[in-house]
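I opened a new notebook page for this protein and meant to go from the whole chain down to single side chains. These are my entries, in the order in which I looked things up.

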Amino acid sequence: MGLFAAALVLGLLVLRRIRLLRRAGGIDVALRTRLEDSPRGWHLGVGHYRGDDFLWFRVLSLRSGPDQVVRRTGLEISSRRAPSAPEAYAMPVGSTVLRCEGADREIELAMTQDALTGFLSWLESAPPGHSVPWAS
């Protein structure tokens, strides 16, 4: 019975990830909110763009809504780097790590070069009258 329950939960997680990636704009993104100098704290997820918000859904979660919402207004990329060797296990292959600062918190996002291009385009495409500062 316990093995069946574990297989059911695993199946639900796999189906959830497939559903999230098939939505328009779904990209693999790793996210970390605690920014100490440690490779720990990374979580793989799927990101979606919705207007001025970047919605992040953790892969290993059955939650129906987003686990994090990153608002474009006031978001600044403070640095960009390659992942360290211990970090690379928790993020998409060939990722770049962005340290982002917003009005209320700091996060790090790790994404592939193609996803990074889309993220930077989204960040720059703020409506007229909204300045979006960021460092390259």
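This is a predicted model: local features need pLDDT of at least 70, side-chain atom pairs count only at pLDDT 80 or more; totals for chains, interfaces and linings use all residues.

**The chain as a whole**

I began with the contacts in the protein whose separation is 6 or more, and I noted that residues 24 or more positions apart account for 48% of them.

Next I looked up the secondary structure and found 2 helices and 7 strands, which follow the pattern α-β-β-β-β-β-β-β-α when I read along the sequence. For burial, I wrote down that 37% of the 136 residues of the protein count as buried. The protein exposes about 7,900 Å², and I noted that carbon and sulfur atoms supply 57% of that area.

**Helix α2**

I then turned to helix α2, which covers residues 113-124. With its 12 residues it reaches 16 Å from its first C-alpha to its last, and this is close to the 16 Å expected at 1.5 Å a residue.

Which residues of α2 are buried? I listed Ala115, Leu116, Phe119, Leu120, Trp122 and Leu123. Looking down the axis of α2, I saw that these buried residues fall within an arc of 160°, so they line one face of the helix. On the other side of α2, I found Asp114 and Glu124 exposed.

**Aromatic pairs**

For ring pairs, I counted those whose centres lie within 6.5 Å, and the count came to 5 aromatic pairs. I looked up Tyr49 and Trp122, whose ring centres are 5.4 Å apart and whose planes stand at 40°, so the pair is tilted; I checked this against the rule that planes under 30 degrees apart count as stacked and those over 60 as edge-to-face. This pair links distant parts of the chain, since Tyr49 sits in strand β2 (residues 43-50) and Trp122 in helix α2, 73 residues apart.

Are the two partners buried or exposed? I noted that Tyr49 is partly exposed, with a relative accessible area of 26%, whereas Trp122 is buried, with a relative accessible area of 8%; the cut-off for buried is under 20%.

Trp122 also pairs with Phe119, and I recorded this aromatic pair as tilted, with 5.5 Å centre to centre and 40° between the planes. Phe119 and Trp122 are 3 residues apart in helix α2, so about one helical turn separates them. Phe119 is buried, and its relative accessible area is 0%.

My last entry brings these rings together, for Tyr49, Phe54, Phe119 and Trp122 form one aromatic cluster.

Notes. Residues are numbered from 1 along each chain as its sequence is written. Side-chain values use heavy atoms; hydrogens and water are left out. Rings of Phe, Tyr and Trp (its six-membered ring) pair if their centres lie within 6.5 Å; planes under 30 degrees apart count as stacked, over 60 as edge-to-face and the rest as tilted. Helices (H or I, at least four residues) and strands (E, at least two) are DSSP runs, numbered from the N terminus. Buried means under 20% relative accessible area, exposed over 50%, partly exposed in between (1.4 Å probe, protein chains only). Contact means heavy atoms within 4.5 Å. Accessible areas come from the Shrake-Rupley method with a 1.4 Å probe; for residues, only the protein chains shown count as cover. The expected span of a helix is 1.5 Å times one less than its number of residues. The arc is that of the directions from the helix axis to the C-beta atoms.
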